[in-house]
Amino acid sequence: MGEGAAIAGLGMTELGRVYGRSARRLAADAVRRAAADAGLGPADLDGLVVSHGLGGSPGIELADTLGLRDLRVLTQMNAFGATAGAMIAYAAMSVTSGAATTVACVFADAPLRPERSSGAAYERSAREWHGYGGMTAALGFRSVNALYALAARRHMARYGTTSEQFGAIAVSTRQWATMNPLAQMRDPITLADHQNSRWVAEPLHLLDCCLVSNGAIAVVVTSADRARDLARPPVHIWGWGQGHPGHRRERGSEFGLTTGAAVSGPIAMKMAGVTVSDIDVCELYDCYTYTVLVSLEDYGFCAKGEGGAFVESGALGPGGALPTNTGGGQLSGYYMWGMTPLSEAVVQARGDGGERQVAKNDVILVSGNGGILDHHSTLILSPHRKGA
């Protein structure tokens, strides 16, 4: 088993409103960049794990696009926004078990089209609604935005969480984005800007919602022993966990009040040998401001129901006690599903954050959230070998 597994390479294509290349081509570019970042070539890979967005591409045919031969691990994974954490765990288990030595994990998506809005990128043809789904559709719950609005509203009703507290997350995340050259949204915003932004689905304003981006991000996972001798500083994978709560949207359900972070977080931290008090930096899945707040509660950074006061305290922004989403997250940076928080964790662990680099980066928590709070993954990463 050696010293465990580590991330040795990071490859990121241009992100945002970039056109002219398919998701498959973007993914191939990201894998080549990640391998080069590690000081390797594509021929050095003997494992490939692929994830795609709602466009349905790329799949495992990416191996042929890259000209990879004699792979020992090749698979496609999808737990929506929780996929990145699951891919890293799978890759880490592959290299520590000897099933493979060097595994690339990649996500790509290209939903944006020129001269079309971001909202149009996720429009789908009208569908027929049957049974219970037809009843909820008749009540207006026809989109992801509406269902997350329902979750956020329930948290507000139970714990008194306010829209202004969600706005505090939007503002602190944008503060980080102003220092990230890759961020799509870099102009500072105020709480008034948040409150005055249009409704998407009450209680969610536009500035409560993530961006839409084209692009691809890949990482290379290998053994910590081997990573030590490669081109860039290794980012050690200390722990991982998953949680799939299976909420029912019916009376007595905890939907909107808790997430899979309450399960995946303790598993990952126990594997890593740390507690919540050891976490220096959080890179959380922020498809909405609300998911940051509820995840912080479920990880134990504050008590259940006190997430609003916690984020209002200024803890998450530059100079705060718990730097969170230091690249601007998905709210202001770029939307590459779980690869957004993962890529920024690698940047921070390596000390490559430039103006936004945090001073203390010994233990970094990365979260992923998929579906409508259906799936969750957690990673614990560090620039140091575990136990060193």
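Helix 10 is followed by glycine 300, whose phi is positive, near 100 degrees. Helices here are DSSP runs of H or I with at least four residues, strands are runs of E with at least two, and both are numbered from the N terminus. The structure is a predicted model, in which local features need pLDDT of at least 70 and side-chain atom pairs count only at pLDDT 80 or more, while totals for chains, interfaces and linings use all residues. Residues are numbered from 1 along each chain as its sequence is written, and side-chain values use heavy atoms, with hydrogens and water left out.

Helix 10 itself covers residues 289-299, and eleven of its eleven residues are buried. Buried means under 20% relative accessible area, exposed means over 50%, and partly exposed is in between, with a 1.4 Å probe and protein chains only. Among the buried residues of helix 10 are Thr289, Tyr290, Glu297, Asp298 and Tyr299.

Nine strands form an open sheet with mixed pairing, in the order 3-2-4-7-1-8-11-10-9. Two strands pair if DSSP finds at least two bridges between them. Strand 3 and strand 9 (281-283) stand at the edges with a single partner strand each, so one side of each is left without a neighbour in the sheet. From one strand to the next, the twist averages 25 degrees. Such angles run from 0 to 180 degrees between N-to-C directions, and the axes are lines fitted to C-alpha atoms, for helices over the stretch in contact.

How many of the residues of strand 1 are buried? Eight of its eight residues are buried, and the strand is mostly covered. Seven bridges join strand 1 to strand 7, and these two run antiparallel. Strand 1 also pairs with strand 8 in the antiparallel sense, over three bridges. Alanine 5 stands opposite serine 223 in strand 7, and alanine 5 also stands opposite isoleucine 237 in strand 8.

From strand 8 the order leads on to strand 11. Strand 8 (residues 235-243) and strand 11 (residues 375-382) are antiparallel and pair over seven bridges. Isoleucine 380 in strand 11 has glycine 239 opposite, and leucine 365 also stands opposite isoleucine 380. Strand 10 and strand 11 run antiparallel and are joined by seven bridges. These two strands form a hairpin with four residues between them, and glycine 371 in the turn has a positive phi of about 65 degrees.

Strand 10 (residues 364-370) is mostly covered, with seven of its seven residues buried. In a regular strand the side chains alternate between the two faces of the sheet. On one side of strand 10 are Ile364, Val366, Gly368 and Gly370, on the other are Leu365, Ser367 and Asn369, and all are buried. Strand 9 runs parallel to strand 10, and three bridges join them. Valine 366 in strand 10 is the bridge partner of glutamate 283.

Helix 3 lies across strand 1 (5-12), strand 2 (47-52), strand 3, strand 4 (102-109), strand 7 (215-223), strand 8 and strand 11. Helix 3 runs at about 165 degrees to strand 4. Contact here means heavy atoms within 4.5 Å.

The aromatic rings come next. A search of the whole structure finds five aromatic pairs. Rings of Phe, Tyr and Trp (its six-membered ring) pair if their centres lie within 6.5 Å; planes under 30 degrees apart count as stacked, over 60 as edge-to-face and the rest as tilted. Phenylalanine 80 and tryptophan 337 form a tilted pair, 6.3 Å centre to centre and with 40 degrees between the planes. Phenylalanine 80 lies in the loop between strand 3 (73-76) and helix 3 (83-97), and tryptophan 337 in the loop between helix 12 (329-333) and helix 13 (339-350), so the pair ties together parts that are 257 residues apart in sequence. Phenylalanine 80 is partly exposed at 36% relative accessibility, whereas tryptophan 337 is buried at 5%. Ring pairs link Phe80, Phe107 and Trp337 into a cluster.

Last come the cavities. A cavity is a set of points, on a 1 Å grid over the protein atoms alone, where a 1.4 Å probe fits but cannot get out; lining residues have an atom within 4 Å of a point. Three cavities of 30 Å³ or more are counted. The largest cavity holds about 70 Å³ of space, where a volume is the space filled by probe spheres set on the points, and grid points are joined across faces, edges and corners. The largest cavity is lined by 13 residues, and Glu283, Gly329, Thr340, Pro341 and Glu344 lie nearest its centre. Helix 12 and helix 13 are the elements that give two or more residues to this lining, and the largest share, three residues, comes from helix 13.

Note on methods
1 Å grid on protein atoms, 1.4 Å probe; cavity = no way out; pocket = protein on both sides within 12 Å on 5 of 7 lines; lining within 4 Å.
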